[in-house]
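Let's walk through this protein together, one kind of side-chain contact at a time. Keep the structure open beside you as you read.

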Amino acid sequence: MACVISGLPESIIAAACARSGQRVLHVDSRNYYGGNWASFSFSGLLSWIKENQQNTDLSDECEDWRKLILENEEAIPLSSKDKTIQHVEDFCFDDQDSAEGVEEAGALPKLPVFGAPAAKGVSVGSEESPAEEGVSPGSEESPAAEIPVPESAEQALGTEPERAEPGDGAEPGDGAEPAPGSGTSPSTDSAESAPEPGTTEAAPSESAAQEPKKITYSQIVREGRRFNIDLVSKLLYSRGLLIDLLIKSNVSRYAEFKNATRVLAFREGKVEQVPCSRADVFNSRQLTMVEKRMLMKFLTFCLDYEQHPEEYQGRSSTFAQFLQTRKLTPSLQHFILHSIAMVSETESSTLEGLQATKKFLQCLGRYGNTPFLFPLYGQGEIPQCFCRLCAVFGGIYCLRHSVRCLVLDTASGRCKAIVDQFGQRISAKYFIVEDSYLSESTCTNVCYRQISRAVLITDQSVLNTDSEQQVSILTVPPLESGKAAVCVIELCSSTMTCMKDTYLVHLTCPSTKTAREDLEPVVQKLFNLNTEKETENEELEKPKVLWAVYFNMRDSSGVEKNSYAGLPSNVYVCSGPDPALGNDCAVKQAETIFREMFPTEEFCPPAPNPEDIIYDEDEVEPEESGLSNSAETKPESSAEESSMVL
């Protein structure tokens with residue numbers, strides 16, 4: 001099986017195939033894992049911005065690859081230009097000249113001396129985030145549990161976790177992996193239990209009087225490796241498909257997670273916290289006693305709405321109109337629509353709203369007072385975790401390795417090989433291709449949507465509290481008709497995505513215009529963009545934006561395979577990121593494609609623990625041979641080796 005590009009769906013499929021004994025080759029023209037699901041350091045993101053603003057074609061090292069096409073064969077060319085990112089605009093709201101000559105701390109030398117020793121701690125994916133010392137997933141600091149994931153939200157992170165890198169040769173059970181039965185991942189914590197290492201929180205009286213520490217652009221550049229900036233902004237529902245897959249496959253051992261600590265609402269020009277759990281509702285000072293009873297009664301109804309179909313069936317109203325019939329106050333309607341269900345005010349049906357509300361409520365309490373988890377070091381860690389599982393079971397990864405075409409056997413109508421940039425033919429039985437690699441002629445009949453994205457670095461939170469270490473999600477309702485609601489996710493430094501005393505803010509919505517036109521009005525409502533010293537008091541109270549980037553990303557989710565022209569039956573197309581908050585679309589797509597290829601195989605069965613591996617008598621154990629890799633990295637039999645190439 002040959003897999004082109006390493007986005008989340010492709011990485012899951014590759015891991016599932018390798019785990020089931022298939023041979024997997026995973027090639028990607030980029031020099032990093034994840035495609036549009038990747039995370040970057042600040043300098044890495046600047047390079048990505050420059051690359052997409054130039055938008056140049058890749059060099060064609062093998063111009064005569066068409067000579068490799070034999071008789072009774074036909075070439076299906078692939079695109080050499082990534083057109084999934086458009087309208088990239090970045091802005092610095094500080095003195096950009098002050099960063100001239102500033103070097104990124106911990107970066108590799110620009111001109112390394114031949115034969116010099118490699119920099120310590122640099123491995124695959126180190127471009128995206130710094131090497132951190134500390135507790136690895138499932139080390140002794142993590143409490144043991146009988147199930148794969150702890151149900152307690154009070155588990156403390158302790159020190160910074162060690163990054164899990166795909167394909168680095170580390171086996172499940174080596175020094176960086178969990179002890180047997182530790183069941184550490186996804187591990188969670190509350191913001192109070194996991195302050196950033198080496199920092200202490202000021203007392204409420206002190207923090208109220210303190211002014212935000214001034215952060216300069218040169219500091220951001222110097223501490224650029226402290227940033228892990230996602231191209232796609234998502235959270236994991238605690239009972240979502242991705243969490244279930246991470247637990248089932250034991251891939252959770254390669255990552256750690258932090259609770260989203262609060263859900264916010266934007267109402268009447270102000271940001272306020274939304275009570276989610278039963279305890280939050282009854283402790284809330286925002287709601288009257290009558291509103292608390294009304295809210296609890298409605299949420300109880302949503303949990304078993306299927307038992308009362310007469311309440312919602314036969315109505316063509318939207319969910320917003322349905323809420324009005326439930327005699328809820330305007331504030332409760334706003335909280336439910338925008339902060340709990342998080343659905344469109346004008347387009348979502350009553351049933352869609354009830355389903356979204358029930359999903360939110362069912363995810364509460366598994367790991368904390370909100371339904372969401374966020375992976376430390378960013379969403380880009382998740383594809384890398386599945387890439388690592390694939391590599392552990394024999395998958396081969398080639399970055400900076402582009403593919404020129406698919407080779408079609410005209411007699412059978414199936415794809416039989418790919419031709420790479422060096423003119424090599426690589427044969428396979430199945431081919432997984434990301435949508436962005438398909439040529440314009442293949443995608444003639446495809447109608448794409450767009451996602452508007454913005455990433456901001458700010459100096460303080462949109463809602464200051466006693467604790468600075470908050471992970472927040474906020475939905476801003478449409479500011480004008482015809483616009484979509486904007487999802488805002490604010491990350492603190494303890495998520496390992498930004499430097500101390502800064503916040504990383506992601507904004508996402510379906511596109512109607514360019515990303516800047518869609519999102520800048522919301523940014524102006526929530527943040528201070530004024531670079532002048534003299535600003536109004538109202539603006540001074542808002543967080544200051546230090547740096548920002550806007551871009552549009554292609555949304556290819558929901559495109560049917562038959563929309564692509566001339567693709568053989570054994571070529572499967574994976575979509576890029578979708579605008580939804582969760583990752584269910586990617587997991588469903590990966591499982592669907594895997595079951596079409598291997599209907600009798602189990603999808604991502606659990607990887608064995610090292611102590612469960614039984615060695616043959618004639619097989620030398622790693623300790624005796626002096627090798628660090630265990631037997632589970634070896635193909636199980638030659639018959640399985642020849643069964644498929646991915």
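**Charged pairs, rings and confidence**

The side chains of aspartate 555 and arginine 449 form a salt bridge, with 3.2 Å from N to O; the term stands for a side-chain nitrogen of Lys or Arg within 4 Å of a carboxyl oxygen of Asp or Glu. Aspartate 555 belongs to strand E21 (residues 545–555) and arginine 449 to strand E17 (residues 449–458), so this pair ties together parts that are 106 residues apart in sequence. Helices (H or I, at least four residues) and strands (E, at least two) are DSSP runs, numbered from the N terminus. Aspartate 555 is buried at 2% relative accessibility, while arginine 449 is partly exposed at 46%. Here buried means under 20% relative accessible area, exposed over 50%, and partly exposed in between (1.4 Å probe, protein chains only).

Before going on, please note that this is a predicted model, in which local features need pLDDT of at least 70, side-chain atom pairs count only at pLDDT 80 or more, and totals for chains, interfaces and linings use all residues. Residues are numbered from 1 along each chain as its sequence is written, and side-chain values use heavy atoms, with hydrogens and water left out.

Across the whole structure, a search finds 19 salt bridges. One of them joins aspartate 82 and arginine 30, at 2.5 Å from N to O. Aspartate 82 sits in the loop between strand E4 (73–77) and strand E5 (85–92), and arginine 30 in the loop between strand E2 (25–27) and strand E3 (39–40), so the bridge ties together parts 52 residues apart in sequence. Aspartate 82 counts as partly exposed at 21%, and arginine 30 as buried at 10%. Glutamate 268 and arginine 267 also meet in a salt bridge, at 3.9 Å from N to O; glutamate 268 is exposed at 71%, whereas arginine 267 is partly exposed at 23%.

Now for the rings. Those of Phe, Tyr and Trp (its six-membered ring) pair if their centres lie within 6.5 Å; planes under 30 degrees apart count as stacked, over 60 as edge-to-face and the rest as tilted. By this rule there are 19 aromatic pairs. In one of them, tyrosine 32 and phenylalanine 40 have ring centres 4.8 Å apart and planes at 75 degrees, so they are edge-to-face. Both tyrosine 32 and phenylalanine 40 are buried. Phenylalanine 298 is buried at 3%, and phenylalanine 322 is buried at 0%.

Tyr430, Tyr572, Phe594, Phe598 and Phe603 form one aromatic cluster. Over the face of tyrosine 572 lies lysine 561, 4.5 Å from the ring centre; a charge sits over a ring if NZ of Lys or CZ of Arg is within 6 Å of the ring centre and within 35 degrees of the ring normal.

How far can you trust the details? The chain averages a pLDDT (the predictor's confidence in each residue, from 0 to 100) of 79, and 74% of the residues score at least 70. Over residues 111–209 the pLDDT stays under 50. Residues 620–646 are also below 50. Where pLDDT is low, the predicted coordinates should not be read in detail.

How values were computed. Contact = heavy atoms within 4.5 Å.
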